[in-house]
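Here is a short note for a colleague new to this entry. Please read it with the model open.

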Amino acid sequence: MANNETEALSREGHRKRVRGQLIRSGISTFADYQILEYLLFYGVPRKDTKAMAYQLMGKFGSFTGVLDANISQLMEVPGITYNAAVLLHSLPQICSRYELKRLAGKRIYTCKQLVPFIRALSPLDKESMTVVCLDENSNFICSIDATDVGKKERVLINIKDTLAGAVESGATQVILAHNHPSGNNAPSHDDIDSTKRLTRLFMNSSVSVLDHIIVTPTGAFSIFHNKEIE
């Protein structure tokens with residue numbers, strides 16, 4: 001019993017030190033496994049979450065792989081509770097909501113402002129297309145998921161519904177954006193062709209296309225300006 005109490009006190013002391021480090025120095029000082037360890041404090045009481053964090057990283061290959069896993073997959077790791085799995089699984093959706101609310105009603109001066117938002121929306125294993133709708137003053141109105149079918153190196157676009165959604169939102173301008181899971185932000189021939197085609201279609205609906213950006217986990221590229229923007 002005494003040993004159990006000592007171990008519990010030791011774990012609590014460790015958790016207090018980790019929380020203190022986060023408050024003093026910020027999350028940027030944490031390794032990926034340490035972020036997972038910290039998050040698990042709130043879903044797995046009174047257990048060693050460092051070992052669980054290592055197991056999660058080993059099973060899913062990366063920090064993003066862990067957060068992209070579904071609840072059942074996460075619970076296959078010994079010790080991961082239902083509450084912990086739900087917390088981890090919901091984080092990308094929470095981050096997307098945060099980025100969306102941060103942009104709401106704001107004026108978009110450069111496409112670079114949109115990169116964190118697009119990155120938060122983008123799946124890691126397939127391409128997806130987002131259309132960002134702006135008013136005549138370049139204020140953010142909404143975003144539209146234009147993806148019909150997403151593949152690893154290609155995205156098929158639901159053109160009809162996307163055009164209708166942009167017009168119904170009151171947008172006079174849009175910015176096209178899609179991700180490259182490969183990490184290579186250079187546009188493909190398909191990217192160039194689809195940009196030209198979408199630009200014509202939006203113009204026919206009296207909506208201007210300001211740019212088409214490609215986003216990866218570490219960078220971003222403007223097709224209209226033919227240069228990296230991050």
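**Pocket, core and cysteines**

1. The largest pocket is lined by 25 residues, and T64, P92, R119, A120 and S122 lie nearest its centre. A pocket here is an open set of points on a 1 Å grid over the protein atoms alone, where a 1.4 Å probe fits, with protein on both sides within 12 Å along at least five of seven lines; lining residues have an atom within 4 Å of a point.

2. This is a predicted model: local features need pLDDT of at least 70 and side-chain atom pairs 80 or more, while totals for chains, interfaces and linings use all residues. Residues are numbered from 1 along each chain as its sequence is written, and side-chain values use heavy atoms, without hydrogens and water.

3. Which element gives the most to the lining of the largest pocket? α6 does, with seven residues. Helices are DSSP runs (H or I, at least four residues), numbered from the N terminus. α4 (63-68), α6 (82-103) and α7 (115-121) each supply at least two lining residues.

4. In the largest nonpolar core, of 23 residues, L36, L40, L56, L74, I80 and L88 touch the most other members. Such a core joins buried (under 20% relative accessible area) Ala, Val, Leu, Ile, Met, Phe, Trp, Tyr and Cys residues through side-chain atoms within 4.5 Å. α2 gives the most to this core, with five residues.

5. The whole structure has zero disulfides, a disulfide being a pair of cysteine sulfur atoms within 2.5 Å. The sulfur of C142 is 4.0 Å from the closest cysteine sulfur, in C133, so it is too far for a bond.

Conventions
Buried < 20%, exposed > 50% of the residue type's maximum accessible area, 1.4 Å probe, protein only.
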